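This briefing covers a chain contact, a domain layout and a helix pair.

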Amino acid sequence: MSKEQFDYFVNGDQGKYEVIIGLEVHAQVLSNSKLFSGSATKFGAEPNTQVSLIDSAFPGMLPVINEECVKQAVRTGLGLNAKINNYSVFDRKNYFYADLPQGYQISQYKNPIVGEGKVLLDMPYGSKEVGIERLHLEQDAGKSIHDMDPTSTYVDLNRSGIALMEIVSKPDLRSPEEVNAYIKKLRSIMRYLGTCDGNMQEGSLRADVNVSVRKVGDKKFGTRCEIKNVNSIKFMQMAIEYEAKRQVELIESGKSIDQETRLFDTKKNETRSMRSKEDAHDYRYFPDPDLLPLKLEQKLIDDLKKSLPELPDQKKERFIKEYSLTPYEANVLVSEKEISDYYEEVAKLSDKKLAATWMLGDFFAMLNDKGLNITQSPVSAKNLAELVQSIKSGEISGRIAKEVFEIMVQSGDNPKKIIESKGMKQQSDPKELEKMINEILTKNKDKVDQYRSGKDKLFGFFVGQVMKVSGGKANPQLVNEILKKLLKG
Amino acid sequence: MSDITTQNLKDIVDQVKSKKISSVELTQSYIKNIEKGKKLNAFVTTTFEQALTSAKQFDTKPNFEQLLPGIPLAVKDLFCTVNTKTTAGSNILNNFVPTYESTVTKNLWDNGAFLLGKLNCDEFAMGSSNETSFFGNVINPVGDQLVPGGSSGGSSSALAADFTPATIGTDTGGSIRQPASFTGTVGLKPTYGLCSRWGIVAFASSLDQAGPMTKTVSDCAIMLEAMAGFDEKDSTSIKKNKEHYSKNLKDNVKGLKIGIPKEYRVDNMPKEIDELWEKGKKILKDLGAQLIDISLPHTKYALPTYYIVAPAEASSNLARYDGVRYGYRSKKGKDLIEMYENTRSEGFGDEVKRRILIGTYVLSSGYYDAYYLKAQKVRQLIKKDFDDNFTKVDAILTPSTPSSAFKIGEKTNDPVSMYLNDIFTVPVNLAGLPAISVPAGLDKKGYPLGLQLIGKTLDEQKILNIAYAFEKNCGYKNNIKKWWV
């Protein structure tokens, strides 16, 4: 297989520039209650209905760590092949804002719960490793609502105190495509683990994007800008493209890049300055005296490791090895947990290779067409497996199968029933086929003579005739065999 | 019948148990005292009606098995009390009525007591004389120009003036022991983590600890037993079995080793304090204890360390008072930032602002390492001083304060001299240890002075026992003359 070349560069007048990208992903921990309180975490609840005295920072209230959130962070760390720190510390990040009730966010600063790890991406030009710098736990803030009233701002504290994992990558990404693959991979790993639902529309997954550029060949990183809180992959890609071009233009016009925090304006498709380095907050981090350092027993980590589900990379290896899938097929089928679950259910009941071919072909095309995700599929895994088996056993041909599949999509019916009731079963009785073919040959005696005198191309004509007469139901393989035999004379 | 309110808690409990007095009668006696004693300004809020209702309920269905059967108690206004205004001595919480009860007060009520009122204190417990309260000075019953100490000044004053049979305070750098010393009462700061901090308005989280203030050591044991206990709502709470301090109180100190730290003899310390310390040593020695000279070499760094750590934590703890969700909000200001600025400028007093500024400064980038981080390191050394010595001694005896009660206004313009008042109490908070102040004598002006016994972690029983023996043999008598009536 010929590999494509990596080719994402920004071309300036003075040369080619490489784009250096690092991501800080904020992933909402899947848990029933918040990081330091017992409040619920359901999305879309009425404003301020999931707020405890702790979340709203009443006098004398104290945080108590939610063990499940800690376990989720450890699971995620293990899924990122990262070092789990037995000792970590919660710090206070101090700043004032109306939706930050405590006046500080409890986060982890110098001692995060998870250290260095790595994530593998499958790019068209090969496998790419992206380093993870760290993962730490922190509280989310509330939400300020500015458009409910012309003069007042409203605050919803439902989100206040919800557990987030901040996953910081190394500056290893080099293109919007790699960012896309990285976010999808992270999301996939966390969904396999059940540690984050990865729902970007609901804000369960957001990212700050660090971008800098340097001339191809340069060793030194350029000055980076941080684009805050981008909540879709498309916007991340657009923001990176815009930002990289902006930086190259600045450099080429002899200006310097200021290290600053920028916002991405999704309407104008541009980034703009939010605050400069000089205006940066002094967060006055210090260890939260209300919480003791978090000490994890090695046994807990080991137990969590043992109970980890199979992750996409491992599953991919297994699909290639056990089911003889191509790396490409395996990659697509493990990309989301639900897809791999569906595939495995189909494969369990049918031919594994053919099942993969079908899923990557007609099945995904149908889902795409209808704008559905796999959990909404009108065709159940069991029915798809039966269809695959019907092809494999020769009951129906691949062509008929496409027709059956269409009916399955519309009716949700079982393929056997459809084949039965519509009489679509393949004719595979050699005797009957031979009889039919003999009749056709008799009718076309002239063509048979021509064939026998060397006009090989006429073979297709006979196949066509058989199919026509059989209504497409004749078993093509058998037809081939019988035709060859009878034409020999 | 002699005035019940002049008696100690233990005797009052006995009389309630033997039905010599009803809870309602007892409560009425205290209400009468409080009403006659408004001049002392010890209360921010009184809850007389609620108290009488609780007293009636108790009398109808008494449970004499409890530690505090039918006992009315006034508590420092730093403890959140459900449906009763809780101010922390500050304008910014002037209108704040909690919907919840602090664990420590709940423990007291679960043991049969009920709330009589909320006691004045320095604003957010920041002060050593109760002069920083938004609700005005509290006066020491010892003399009409004297401060009652701080920050639990309302508590010490109310206790010494017979407005409550016992009370509770909080101690971040001496706020229980110093006012106890100034009023001739007993005050104990427990081991950090023995009493839950849940529901107590926070000053400096790593130092704050609630504790009892009582007339006698045995009362102190009863109160501590009632209020202490593990609380899963406080992550720094210590998991341990409940202790029966009261039942196990013994006055035998024979063979115990008492450490005498040389660093607690400071410059310009009044001769009387030294003499009192000598007296204390002699009493314990005569009772069979062994005195051992020890050194706590990092003591001199305790005060500067404290005045970095405590304000740092306070600057962050007090950020929640922003006028957004509860408490005082300024009507002035055209945007969020101005609203914050005006609310906090108008809501906080000078001492609180001073400490927020200090705390913000020492945590700032570029200063963090030089101040906060270094202070944390020194704090470890101070703790180590104590740990090292507690392998050799059972307890440490020191004066509680470097002076007796001073005059109102005397130190308000000199914060440093005010801070120096905590010089003997602060190291204990930094080390998280238990310590008790017991009245030991009067100076020549007739003002009370206390001695402090410091114990090792969770050794409350031992310092209570030593204090108990000391109290029995000291012959201390206060000379409070109810001049305010």
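How many residues does the contact take from chain A and from chain B? The contact takes 24 residues from chain A and 34 residues from chain B, where two residues are in contact if their C-beta atoms, placed from the backbone, lie within 7 Å. The model is predicted: local features need pLDDT of at least 70, side-chain atom pairs count only at pLDDT 80 or more, and totals for chains, interfaces and linings use all residues. Residues are numbered from 1 along each chain as its sequence is written, while chains are lettered from A and ligands numbered from 1 in the order in which they are written.

**Chain contact**
- The side of chain A that touches chain B has 15 nonpolar, five polar and four charged residues (Ala, Val, Leu, Ile, Met, Phe, Trp, Tyr, Cys and Pro count as nonpolar, Asp, Glu, Lys and Arg as charged, the others, Gly among them, as polar).

**Domains of chain A**
- Chain A is divided into domain 1 (10-304), domain 2 (310-421) and domain 3 (430-488), with bounds from an automatic or database domain assignment.
- In chain A, seven residues of domain 1 are in contact with seven residues of domain 2.
- On the domain 1 side of that contact, α2(A) gives the largest share, four residues.

**Helices α6(A) and α8(A)**
- The axes of α6 (residues 327-334) and α8 (residues 352-370) of chain A, lines fitted to C-alpha atoms over the stretch in contact, come within 11 Å and cross at roughly 65 degrees.
- E329(A), V332(A) and L333(A) of α6(A) meet A356(A), M359(A) and L360(A) of α8(A) in this contact.
- These residues divide into five nonpolar, no polar and one charged.

Key:
Helices (H or I, at least four residues) and strands (E, at least two) are DSSP runs, numbered from the N terminus. Axes are lines fitted to C-alpha atoms, for helices over the stretch in contact, and angles run from 0 to 180 degrees between N-to-C directions.
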